[in-house]
Amino acid sequence: MSMRALPYRVPSEDIIVAEAWVLVTEDGDIAKPESLPDWDYHMDLHLRRTVRVDLGRARSESGLPTDAPLVLAAVWTATGSNLGGPAQHLRLVGGGTCTVELDVRLRGSDLGGLLLLDTALVLAERRPDARPSSPRRAGSVLWSDRESLRLQGDAPQFPMAVIDFARTSFPEGAAWHLQISGGLENATMGSLLLLVNEQNSVTASAFENAAKPRPVDRVVLSAVYADAARIMIEHALSLDDFVDDADFPDGSLGATLMSLFDQLFPSRSITDVRLRHRQSPSLFASELQAAVKIFEVS
């Protein structure tokens with residue numbers, strides 16, 4: 001990412017050699033893929049990258065004194081949740097070449113959509129005596145790059161919580177409940193919430209084991225996702241502004257519902273499916289069951 005448009009001197013981009021991010025898994029480190037098709041909100045992410053910084057050149061080429069403190073920062077942003085924040089800040093002092101490892105852990109419940117990972121070398125402290133052509137404000141960016149990771153699983157994506165239904169107004173014997181609130185323009189993260197009844201040990205265990213599901217967990221998860229897809233599609237079809245030519249903002253409930261509809265009914269119009277739902281709800285239910293491929297757990 002070129003910084004030549006900044007109103008102060010910046011060093012050459014080769015003062016930093018940043019290795020690619022790697023995804024840390026139980027089975028070992030793997031190169032960060034472009035997307036994680038099996039990701040869902042219950043899946044936390046652990047990423048690492050090694051960065052080598054030539055501190056001497058970074059300072060001299062920016063017109064900074066040899067003792068100017070610098071910070072290597074990693075910042076994350078998730079488009080699906082509209083959340084983001086600092087992941088790591090490492091203060092760099094001394095001279096020569098410094099090798100550091102960025103180690104980032106992100107909660108799945110905070111993520112969604114496109115995950116952006118920004119790495120930047122910045123000035124750590126304000127320098128009121130700096131020359132006009134040199135960086136002077138704390139946080140002035142000397143170098144940065146951005147990588148992305150698309151979190152787009154095939155299953156409906158929503159945050160979830162495991163709670164005791166006995167303490168709520170939900171039926172105590174229910175295994176799960178999908179809450180949908182807000183309009184189609186609202187952010188998906190604030191509009192969908194899957195609640196799992198902790199008293200239903202089979203379902204709660206399935207989500208606990210979702211990263212490495214047993215055969216019984218796969219069956220349960222398939223049933224939950226199929227039911228959630230039905231609820232989401234039926235909710236969408238009940239809204240007059242959910243139509244074929246609608247254009248919803250990225251990360252919105254409408255965009256999520258439209259994406260799910262296109263996945264389940266790729267060759268049919270919303271008008272056609274809405275008519276089927278009204279005229280023959282039982283046939284619609286079977287068509288939806290076929291579309292979500294319920295219990296195909298291989």
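Trainee: Among contacts between residues at least 6 apart in sequence, what share joins residues at least 24 apart?
Mentor: Keep in mind that this is a predicted model, where local features need pLDDT of at least 70, side-chain atom pairs count only at pLDDT 80 or more, and totals for chains, interfaces and linings use all residues. Residues are numbered from 1 along each chain as its sequence is written, and side-chain values use heavy atoms, with hydrogens and water left out. A contact means heavy atoms within 4.5 Å. With that settled, the share of these contacts that join residues at least 24 apart is 69%.

Trainee: How many helices and strands does the chain have?
Mentor: Both are DSSP runs numbered from the N terminus: helices are H or I with at least four residues, strands are E with at least two. Going by that, the chain has seven helices and twelve strands.

Trainee: What percentage of the 298 residues is buried?
Mentor: Buried means under 20% relative accessible area, exposed means over 50%, and partly exposed is in between, using a 1.4 Å probe and protein chains only. By that cut-off, the buried part of the 298 residues is 42%.

Trainee: Which residues touch the most other members of the largest nonpolar core?
Mentor: A nonpolar core is a set of buried Ala, Val, Leu, Ile, Met, Phe, Trp, Tyr and Cys residues joined through side-chain atoms within 4.5 Å. The largest one has 36 residues, and the elements supplying at least two each include strand E4 (45–54), helix H1 (55–60) and strand E8 (113–123). Another core of 33 residues, with Leu192 and Met232 among them, lies apart from it.

Trainee: Is Val53 buried or exposed?
Mentor: Val53 lies in strand E4. Leaving out residues up to four places away in sequence, Val53 touches several residues, including Ile15, Leu92, Cys98 and Leu121. Its relative accessibility is 0%, so Val53 counts as buried.

Trainee: How far apart in space are the C-alpha atoms of Val75 and Ala120?
Mentor: Val75 is found in strand E5 and, at 30% relative accessibility, counts as partly exposed. Beyond four places in sequence, Val75 touches Gly85, Pro86, Ala87, Leu116, Leu117 and Asp118. Val75 and Ala120 are 45 residues apart in sequence, and their C-alpha separation is 8.3 Å.

Trainee: And how far from Asp241 is Ser205, C-alpha to C-alpha?
Mentor: Asp241 is in the loop between helix H4 (215–237) and helix H5 (253–264). It counts as partly exposed, at 46% relative accessibility. Not counting residues up to four places away in sequence, Asp241 touches Leu184, Ala246 and Phe248. Asp241 and Ser205 are 36 residues apart in sequence, and the distance in space is 38 Å.
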